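This briefing sets out the computed features of one protein chain, grouped by topic. Please consult the sequence and the model alongside the text.

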Amino acid sequence: MAHIVDIFFQNMGCSHDHGYGMVFFNCCELAITLFFTVSTYPTIADPTQNLSIRLYGVLCLLIEAHIFAFIAVRIYHQSQHRDMYQHLHGVEIPENYRRKIATVIKHHFIISNVFVAVSVLYTISLDWVRIGDPFTFPFIDVLPIKTTNVTVYVCKYIVYALPVYFAHLETCFLNVTFMFSVGIVKRHFQILNDQVEEAIVNEDEQKLKIAIKHHQQVLKYFEDMKTVYEKPILMTIEFCGLYVGLTSCFVIQVIQGFIHQIILGLCIVSSIACLMTIIIYCIYASNMYALHNGILNALFEHRSCYSRNKSFKRIILIMMTRATIPLEIKAGSVFTINLNLLVKILKFAYTVFNVLLSSINRQFKETAI
């Protein structure tokens, strides 16, 4: 039975036999996302609309624009994703690593269904809510069909559920492919580390030359990774910062009773999802850097073994020079993806949260007086 990770990659067009089905799906996904992006703007610009509805439209517009950019980047790098997936060359990532990736896939599948079900639960649980009222759909109501007919409502509901699934599908694809690519690089580095240690202990020049070629191939694969992921990661970081700021503003607005609580809930959930995505990038990238540094450490630890052979020592120096090449994934050539970036983002979120609490406490004191 095929693993869920392999099934996911094959269905997302990472295999060579995906055919025209994936092309048709990409076109439909782009068209639907673009339609919802454009059709949301009139709701935002309409001054007669309720403030909650207009802010809900802003959130939907931001999400759809973000996902449209993700889809465009994925299609642009489709061939590179396919080549990277086919780059295993008999090297399998560990089973526990595959389980982590499978968990991420299941998480996005479950969360997308939860988002879609929230609107149904909202409609069923509250007696005063009627079909067609705000927040009874998974997306802001942009189609000019006002009806209480159950059949029409269900059809609209299905259409409005599509952006939710597209959003989670694209985010899942980015997270999963990044984790998978890092897993391949880490596995190659582990093999390289063993090759280098064995070659040094046995003073095997031929095996060390093979390790140097292997290392060069892995570095080339890493450069392809940087090309594919730098821009999407930058978009995610910008999107996360924007959502954290919006969440902070909406907390005050909800307390003051200006906007609906559901908008705040959507913001909080989306902010947490963005932070989790950044945590994945930073932790997995840092682990990959550490494994690459381990190759250089292995060379230094066994330096006493190759002091007698000049030819072998020269090959060691070549390997050392290559191993000192820093591995860095930069988000749009701005942020280096590592644990330091994660700490900075968490500090920023904590600072915003503190400012928010101070504002709320001040408002409560003024109200009490």
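Does Arg74 count as buried or exposed? Arg74 counts as buried because its relative accessibility is 2%, where buried means under 20% relative accessible area, exposed over 50%, and partly exposed in between (1.4 Å probe, protein chains only). The model is predicted: local features need pLDDT of at least 70, side-chain atom pairs count only at pLDDT 80 or more, and totals for chains, interfaces and linings use all residues. Residues are numbered from 1 along each chain as its sequence is written, and side-chain values use heavy atoms, with hydrogens and water left out.

**Overall architecture**

- The secondary structure of the protein comprises 10 helices and 2 strands; helices (H or I, at least four residues) and strands (E, at least two) are DSSP runs, numbered from the N terminus.
- Read from the N terminus, the order of elements is α-α-α-α-α-α-α-α-α-β-β-α.
- Along the principal axes, the C-alpha atoms fill a box of roughly 85 × 60 × 30 Å.
- The protein has 369 residues, of which 46% count as buried.
- Among contacts with a separation of 6 or more, 79% are between residues 24 or more positions apart; contact means heavy atoms within 4.5 Å.
- The accessible surface of the protein comes to about 19000 Å², and 64% of this surface belongs to carbon and sulfur atoms; accessible areas come from the Shrake-Rupley method with a 1.4 Å probe, and for residues only the protein chains shown count as cover.

**Salt bridges**

- The whole structure contains 7 salt bridges, each defined as a side-chain nitrogen of Lys or Arg within 4 Å of a carboxyl oxygen of Asp or Glu.
- Arg74 and Glu29 form a salt bridge through their side chains, at 3.0 Å from N to O.
- Arg74 lies in helix 3 (residues 51–76) and Glu29 in helix 2 (residues 19–45), so this pair ties together parts that are 45 residues apart in sequence.
- Glu29 is buried, its relative accessible area being 0%.
- Arg74 also forms a salt bridge with Glu170, with the closest N and O atoms 2.9 Å apart.
- This second pair links distant parts of the chain, with Arg74 in helix 3 and Glu170 in helix 6 (residues 150–202), 96 residues apart.
- Both Arg74 and Glu170 are buried.
- Lys226 and Glu223 are separated by about one helical turn, because they are 3 residues apart in helix 7 (residues 205–255).
- Glu223 is partly exposed, with a relative accessible area of 42%.

- Thr33 lies in helix 2 and is buried, with a relative accessible area of 1%.
- Leaving out residues up to four places away in sequence, Thr33 touches Glu64, Phe68, Ile71 and Phe166.
- Ser286 belongs to helix 8 (residues 261–301) and is buried, with a relative accessible area of 13%.
- Apart from neighbours within four places in sequence, Ser286 is in contact with Asn338 and Leu339.
- A polar atom of the Ser286 side chain lies 3.0 Å from the backbone nitrogen of Leu339.

**Helix 5 and its surface**

- Phe109, Ile110, Val114 and Val118 make a nonpolar surface patch of about 380 Å²; patches are made of residues with over 30% relative accessible area and no salt bridge, with like charges joined within 9 Å and nonpolar side chains (Val, Leu, Ile, Met, Phe, Trp, Tyr) within 5 Å.
- Val114 is placed in helix 5 (residues 95–125) and counts as partly exposed at 43% relative accessibility.
- Val120 is also found in helix 5 and is partly exposed, with a relative accessible area of 33%.
- The C-alpha atoms of Val120 and Phe137 are separated by 7.7 Å, and these residues are 17 residues apart along the chain.

**Annotated spans**

- An unreviewed UniProt entry lists residues 20–41, 53–76, 108–129, 157–185, 233–256 and 262–284 under "transmembrane region"; the positions are given in the numbering used here, feature names are shortened, and annotations may be inferred rather than shown by experiment.
- In the model, residues 108–129 are 82% helix and 0% strand, with the end C-alpha atoms 29 Å apart.
- Residues 262–284 are 100% helix and 0% strand, with the end C-alpha atoms 33 Å apart.

Technical notes:
Polar contact = N/O pair within 3.5 Å; in protein donor to acceptor, adjacent residues only side chain to side chain.
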